[in-house]
Amino acid sequence: MNGFMYDRQKAVEYAEVWWNDYNPAFPQFAVDCTNYISQCLLAGGAPMWGEPNRERGWWYRNNNWSFSWSVAHSFYWYLKTQATSIQATEVESAEELYPGDVICYDFQGDNRWDHTTIVVTYDRAANPLVNAHTDNSRHRFWTYTDSAAWTPNIKYAFFRING
């Protein structure tokens, strides 16, 4: 499972196709951000692992899934600590990210990670622009300062997907 080849372009292409719609091959959640990002990573070749234990790994199969597949907080911890399937490196700033990388958001700054996006392109000043679900967004500025959920206490986590 280690050493997978992550195809950033395929992840971004998926993100662009499905940013404002829902792939019928997967469940749709009221809070769908992490489910959508998981689908993007899967399209890029990220390997699933841990089935059938919902508390272990990152996976989706037969209309069942791990918590890390669909819950922002669980996904954050999976990326931060996982050494089995998805290899991710936490970096210091959004400027270190490439299309296909992931940003996690803790809007309240309380260490409960609330939201997940995928970098898809850059603006003219080379700032990352992201796509997301829940409040479906395409090419949104990564800071989310225009979001009703944004607070001055916000924390960000920047993950470069290796592979």
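In which loop does Ala126 lie? Ala126 sits in the loop between strand E5 (115-122) and strand E6 (128-132); helices (H or I, at least four residues) and strands (E, at least two) are DSSP runs, numbered from the N terminus.

Before I continue, a note on the source. This is a predicted model, in which local features need pLDDT of at least 70, side-chain atom pairs count only at pLDDT 80 or more, and totals for chains, interfaces and linings use all residues. Residues are numbered from 1 along each chain as its sequence is written, and side-chain values use heavy atoms, with hydrogens and water left out.

I turn to the backbone. Ala126 is not a glycine, yet its phi is positive, at about 70 degrees. Its relative accessibility is 46%, so Ala126 counts as partly exposed; buried means under 20% relative accessible area, exposed over 50%, and partly exposed in between, with a 1.4 Å probe and protein chains only. Thr134, in the loop between E6 and strand E7 (137-141), also has a positive phi, near 85 degrees. Thr134 counts as partly exposed because its relative accessibility is 37%. The peptide bond from Glu51 to Pro52 is cis, with omega near 5 degrees, and Pro52 belongs to the loop between helix H2 (33-43) and strand E1 (60-61).

Next, the overall fold. The chain contains 4 helices and 8 strands, in the sequence order α-α-β-β-α-α-β-β-β-β-β-β. Of its 163 residues, 50% count as buried.

Now the interior. A nonpolar core is a set of buried Ala, Val, Leu, Ile, Met, Phe, Trp, Tyr and Cys residues joined through side-chain atoms within 4.5 Å. The largest such core has 32 residues, and Leu41, Val102, Ile118 and Ile161 have the most contacts inside it. Two or more residues of this core come from each of helix H1 (8-18), H2, helix H4 (72-81), strand E4 (102-106), E5 and strand E8 (155-161). H1 gives the largest share, 5 residues. Apart from this core lies another, of 13 residues, including Ile103, Tyr105, Val119 and Ala132. In soluble globular proteins, nonpolar side chains tend to be buried together.

Which residues does Val102 touch, leaving aside those up to four places away in sequence? Among them are Ile37, Leu41, Phe75, Leu79, Phe159 and Ile161, where contact means heavy atoms within 4.5 Å. Across the chain, residues 24 or more positions apart account for 59% of the contacts with a separation of 6 or more.

Finally, the dimensions: the C-alpha atoms fill a box of roughly 40 × 30 × 30 Å, taken along the principal axes.
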